[in-house]
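Have the sequence and the model open side by side as you read.

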Amino acid sequence: LAASLAHEINNPLQTVIGCLGLAEESIAEAQTDDDVETYVTMAHEELKRAARIVSRLRDLSRPTDPGQGVPTDVNEIIEDVLKVSRKDLKNNRIRVVQQLTTNLPQPVLVEDRLKQVLLNLVLNARDAMPNGGELALITEYNDVANEVVITVDDQGTGIPQDVIDQLFDPFFSTKTEGSGLGLFVSRNIVQEQGGRIEVESTVGQGATFKVHLPV
């Protein structure tokens with residue numbers, strides 16, 4: 001429970017830290033008050049998200065309520081995630097490429113839950129590229145399956161097949177300081193929204209995660 005709680009709360013707190021850092025940069029560079037207000041507002045929203053996480057975990061005797069979904073602009077969620085992780089990715093020499101399909105259908109989702117999944121995938125990709133590289137985020141609509149697909153593709157070290165088979169298991173991690181809950185929690189969230197998450201990888205060439213969300 002302690003590890004799960006720490007992991008779930010860490011993501012929004014890291015976002016808050018990122019937002020406040022960007023606000024400080026905006027002030028230092030004498031940018032408009034609108035820039036500062038945007039980052040402070042995002043930090044406020046993330047703190048409220050952390051509070052909601054605590055609320056969901058307060059009572060273990062009842063099933064967790066995943067929240068009420070609303071039609072969601074997936075591209076907007078990706079933009080928000082990249083805003084708060086921009087500085088971190090830049091510091092790690094990671095170049096972001098976006099291929100976001102316009103006029104996507106809007107699946108019914110709990111927005112902050114999807115944001116948690118995508119932020120986790122982006123940060124995992126960062127960790128997989130210690131020497132820098134390219135991170136691609138792609139959105140597309142599969143009209144045959146009637147689903148929106150989000151792809152997070154990195155040029156990292158890759159994942160061996162025997163590790164892929166355990167990747168979504170709780171408490172399994174390839175990181176020395178990892179809790180082994182990030183992908184486990186992410187898969188559960190995607191399944192809560194009626195979707196699925198898949199991964200393909202070649203050792204030495206990177207990994208590709210695909211999040212499928214039914215419309």
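**The sheet and what covers it**

Five strands make up an open sheet with mixed pairing, in the order β2-β4-β5-β7-β6. Helices and strands here are DSSP runs numbered from the N terminus, with helices being H or I of at least four residues and strands E of at least two, and two strands pair if DSSP finds at least two bridges between them. The edges belong to β2 and β6, each of which pairs on one side only. Direction ignored, neighbouring strands of this sheet are turned by 15° against each other on average; such angles are taken between axes, which are lines fitted to C-alpha atoms (for helices, over the stretch in contact), and they run from 0 to 180 degrees between N-to-C directions.

Before going further, please keep in mind that this is a predicted model, in which local features need pLDDT of at least 70 and side-chain atom pairs count only at pLDDT 80 or more, while totals for chains, interfaces and linings use all residues. Residues are numbered from 1 along each chain as its sequence is written, and side-chain values use heavy atoms, with hydrogens and water left out.

Strand β2 runs parallel to strand β4 (residues 133-142), joined to it by seven bridges, and you can find Gln99 standing opposite Ile138 in β4. At the other end of the sheet, strand β6 (residues 196-202) pairs with strand β7 (residues 206-214) in the antiparallel sense, again over seven bridges. Here Val199 stands opposite Phe209 in β7. The two strands β6 and β7 form a hairpin with three residues between them, and Gly204 in its turn has a positive phi of about 90°.

Now look at the helices that lie across the sheet. Helix α4 lies across β2, β4, β5, β6 and β7, and its direction is at about 20° to β5.

**A helix pair**

Helix α4 (residues 111-128) also packs with helix α6 (residues 182-192), at an angle of about 145° and with their axes 9 Å apart. The crossing of α4 past α6 is left-handed, meaning that the near helix is turned anticlockwise from the far one by less than a right angle (clockwise would be right-handed). On the α4 side, the contact is made by Arg113, Gln116, Val117, Asn120, Leu121 and Asn124, and on the α6 side by Gly182, Leu183, Val185, Ser186, Ile189, Val190 and Glu192; contact means heavy atoms within 4.5 Å. These residues divide into six nonpolar, five polar and two charged, where Ala, Val, Leu, Ile, Met, Phe, Trp, Tyr, Cys and Pro count as nonpolar, Asp, Glu, Lys and Arg as charged, and the others, Gly among them, as polar.

**Residues to visit**

Leu109 is found in strand β3 and is buried, with a relative accessible area of 1%. The cut-offs are under 20% for buried and over 50% for exposed, with partly exposed in between (1.4 Å probe, protein chains only). Leaving aside neighbours within four places in sequence, Leu109 touches residues including Gln68, Val70, Leu114 and Leu213.

Thr157 sits in the loop between β5 (147-154) and α5 (161-164), and is partly exposed at a relative accessible area of 48%. Not counting residues up to four places away in sequence, Thr157 touches Ala128, Val203, Gly204, Gln205 and Gly206. Remember Gly204: that is the residue with positive phi in the hairpin turn.

Two other loop residues deserve a look. Arg93, in the loop between α3 (74-91) and β2 (94-100), has a positive phi of about 55° although it is not a glycine; its relative accessibility of 57% counts as exposed. Asn103, in the loop between β2 and β3 (108-109), likewise has a positive phi of about 55° without being a glycine, and it is exposed at 76% relative accessibility.

**The whole chain**

Stepping back, the protein has six helices and seven strands, which run α-α-β-α-β-β-α-β-β-α-α-β-β from the N terminus on. Of its 215 residues, 44% are buried.
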